[in-house]
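Hi everyone, thanks for coming. Please take a moment to look at the sequence and the model, and then I'll walk you through a few parts of it.

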Amino acid sequence: VVILAEEHISPEHRALGARVLPSLRAAGVTHLALETGRQASLDEARQSRCVCPTTDGFSFEPQRAGLLRAALALDVPIIAFDVDADDAVWMQAHPDQAIAFREQRMAEHIVERILKPAPSARVLIWVGHGHAQKLEIGVKMMALNVWEMTGEEPFCAYQLTGAGRRPGVD
């Protein structure tokens, strides 16, 4: 498992993803997991080979659409792992626990939707901001949850625009 974090406000990060995905596919990546809850529209895009502004929460942005198109062209299955509608209802009813719940559910979805059905999968998980941090920042982040659930440490990278450092990533 490789977890690559972007800053959602930086389209150049998604442009990088579209450029490196062919190399990652050649190196053995079998799945692209996206921080979205819209699996049906991802499946529709895979079937139609067409990315629309509503394919996922960011596909209106040209660089995100390019990342999705790159995955489609390489025939990399794209799996949604963010919270679903039922999860969102629970989060609204429990706002004090919503962040920790989301981090946990994202990790559970990755395991349930990719790693259990395909134990030999080599997954690129594309997330934003702190989800790739293998530490607790008041809550246990998604990457740490994945590590604990699978027993295997994911490799985590963070694309940072400008000066600074993101703790808890490789």
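Helices (H or I, at least four residues) and strands (E, at least two) are DSSP runs, numbered from the N terminus.

Please keep in mind that this is a predicted model: local features need pLDDT of at least 70, side-chain atom pairs count only at pLDDT 80 or more, and totals for chains, interfaces and linings use all residues. Residues are numbered from 1 along each chain as its sequence is written, and side-chain values use heavy atoms, with hydrogens and water left out.

Now, strand 4. Because 6 of the 6 residues of strand 4 (residues 123–128) are buried, the strand is largely enclosed by the rest of the structure. On one side sit V123, I125 and V127, on the other L124, W126 and G128, and all are buried, so both faces are covered.

Who are its neighbours? Two strands pair if DSSP finds at least two bridges between them. Strand 1 (residues 2–6) runs parallel to strand 4, joined by 5 bridges. Along that pairing, I3 has I125 as its bridge partner, and E6 has G128. Strand 2 (residues 31–34) also pairs with strand 4 in the parallel sense, over 4 bridges, with L32 opposite L124.

Stepping back, 5 strands form an open sheet with parallel pairing, in the order 3-2-4-1-5. Strand 3 (78–80) and strand 5 (155–158) are the edge strands, each pairing on one side only.

Next, helix 6 (residues 142–150). Here M142, A143, L144, N145 and V146 are buried. The buried residues of helix 6 pack against strand 1, helix 5 (98–115), strand 4 and strand 5, where contact means heavy atoms within 4.5 Å. Just after helix 6 comes G151, with a positive phi of about 80 degrees.

What lines the largest pocket? The lining residues are V1, L115, P119, A121, R122, T150, E152, E153 and P154. On a 1 Å grid over the protein atoms alone, a pocket is an open set of points with protein on both sides within 12 Å along at least five of seven lines, and lining residues have an atom within 4 Å of a point.

Terms used: Buried means under 20% relative accessible area, exposed over 50%, partly exposed in between (1.4 Å probe, protein chains only). On a 1 Å grid over the protein atoms alone, a cavity is a set of points where a 1.4 Å probe fits but cannot get out, and a pocket is an open set with protein on both sides within 12 Å along at least five of seven lines; lining residues have an atom within 4 Å of a point.
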